[in-house]
Amino acid sequence: MTRQALTTVLRKELRQYSATGMPYLVVAGFLVPAAVWFVWFYDFLGTDLASLRGYFAAFPVLYVVILPALTMRTWVEERRTGTLELLRSAPLSDRAIVLGKFAAVMCVVLCMLLLTAAVPLSVMRLGAFDFGAIAAEYIGAVLLAAASVAVAMAVSCRMRSQVSAYLGGLLVLLVLNAVHQLPLFVNLPGWPAEILRSVSLEHQFRGFARGVVDTGSVGYYLTLTAAMLYLAELRLARAEE
Amino acid sequence: MIEVHELRKRYREIRAVDGVSFTVGERDLVGLLGPNGAGKTTLLRMLAGTLAPDSGDAVLCGRSIRRDSTDAKAAVGYLPENAPSYEELLVVEQLRFAAEAHFVAAGSRRAAVERVAHQCGLEDVMHRPVRELSRGYRQRLGIAQALVHDPPILIFDEPHSGLDPNQMREIRGLLRRVAREKAVILSTHLLGEVEALCERVVLLSQGRVAGAGATQELSGRHSGVRRFRVRVHAPADAGVETALARHSGVQSVELLERGDGGKPWSLEVVLAGGNIEGSVLFDWAVEAGYRLEGLQELSTDLEAVFGELTSSEDGSSDSGAVGGRR
């Protein structure tokens, strides 16, 4: 029943996405800057290196800006228009509602990442690329996106307007990505600096960007995703109060 | 069908619903009345499963909203206030989603959508986006969504809100049709709609049941008075109003038009006390030897009762048993 409930919410969300055109903007807003960064600023053609590390290194920053735009309306619009009450009056569990919405955003993200394959495909014949490394980079990109989407969804759950949901998501993601930089500005002993590094979304992604799948990073992203979705579920249960 | 036991909900210091109990039988259409802030919407949200009660319980078709919340939700068709729906979707998509969300079997989903579209007069707008619909159509869509899984219980929160008189008449007809086989709770501010549609009323005030019973009973007998317009043939010098005022059970008489032998006397009479049946007036006319030409009960003021029961500071509280069949 939960699976059916989840797919019901997922289908509804995807129908809404396709009617608004928002995902197309978001996908374009990701692909174009990523490509411009890789070719122009990173100067991939001038590096003489058969690696996409520079391309994937831009993903955490772009996620911070782009993903809150996908999640900002998730709860705010439902609450504003009163459809959240309608949704919650159906025999769907709060977990199914949260997971359905999360799955819908991840569908858009996966389409977006699928389209980024145009970059590896087009540079493939320029050198001997390590496909294992590229696979690891994609695994990292998906896990980082899942954690970022879950964080942005949990934040937007508490917001009353789309603007505040977007800015809130952006701010929290920014902090979670840049928190490992704090020791550069504040003199911290070893262990707090290590903790900050371990909770940084961007820092955890560095291994993947190098083509290494670190099980610790996989665990961190999955745990963070689950925790944030659970928070969103708890918040949803109190949504009408 | 619906049994509400001592349901309570607080918002911080405010007791939104404070020990409400009542029952609604099969095929009952019960009006839920009360001033703004009386707790109507909070009560309906708890029954619809979108808000958890602090204490108490409600049993819908044998399923507790606390213990079997998901099953209880499945038994309810709910129209929230303002009939919300997804603006971006087409009407048919919205109805299909409502059917999916209530687990209507895939094989019968299409038929269910067509059934409610026909029932609610939505066939002409099925492929239009919801955002392009008029207020009346949106209300119909909201009702159609509530009906799509053919639930035994319907809960409607302000289904007439924002409608013009024509739309209101249409929705009234629709509610009458759909409510024939269901237990229905209808919350509204429009006392006229309650009088027109509901045979039973639960009146909320300050989160408590301030009155409950048959609509007629509540509008007339709850306050202990009934008003009649009497047209009687009597001689011009009969002093009908004085004689009538002295009759047992008559509280007051207002002379509307004096008779003159050919033309009947016209009076408005208020009956009060133990015997307030209209036959009192018939008996009086027979005893006095007058010919009664007309005896019409005036629509007693539910509004007055509403005011009387909801204006007291302490908000007298009791439990209401609302039963019987329409």
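Reply: We shall discuss the sheet and then the interface of this predicted model.

Me: In what order do the strands of the open sheet in chain B lie?

Reply: In general, strands of a sheet pair through backbone hydrogen bonds, in parallel or antiparallel fashion. Here six strands of chain B follow the order β6-β7-β8-β3-β9-β10, with mixed pairing. β6 (76-79) and β10 (208-214) of chain B each have a single partner strand, so one side of each lacks a neighbour in the sheet. On average, neighbouring strands are turned by 15 degrees against each other, direction ignored.

Me: How many bridges join β3 to β8 in chain B?

Reply: Four bridges connect β3 (residues 29-33) and β8 (residues 183-187) of chain B, and the two strands run parallel. Within β8(B), S187(B) is the residue opposite L32(B).

Me: Which strands does helix α5 of chain B lie across?

Reply: Helix α5 (residues 135-147) of chain B lies across β6 and β7 of that chain, at about 165 degrees to β6(B). Helix α1 (residues 40-48) of chain B lies across β3, β6, β7, β8 and β9, and runs at about 150 degrees to β7(B).

Me: What area is buried between chain A and chain B?

Reply: About 2500 Å² is buried between them, with carbon and sulfur atoms giving 60%. On the side of chain A, R15(A), E85(A) and P91(A) lose the most area to chain B, together 26% of what that side buries.

Me: How many salt bridges are counted between the two chains?

Reply: The count is four. One salt bridge joins the side chains of E85(A) and R45(B), at 3.0 Å from N to O. The largest share of the side of chain A touching chain B is nine residues from α1(A).

Note on methods: Residues numbered from 1 in each chain as written. Chains lettered and ligands numbered in written order. Predicted model: local features only at pLDDT ≥ 70, side-chain atom pairs only at ≥ 80, totals over all residues. Heavy atoms only, no water. Pairing = 2+ DSSP bridges. Axes fitted to C-alpha atoms, helices over the stretch in contact; angles between N-to-C directions. Contact = heavy atoms within 4.5 Å. Buried area = accessible area lost by both parts, 1.4 Å probe.
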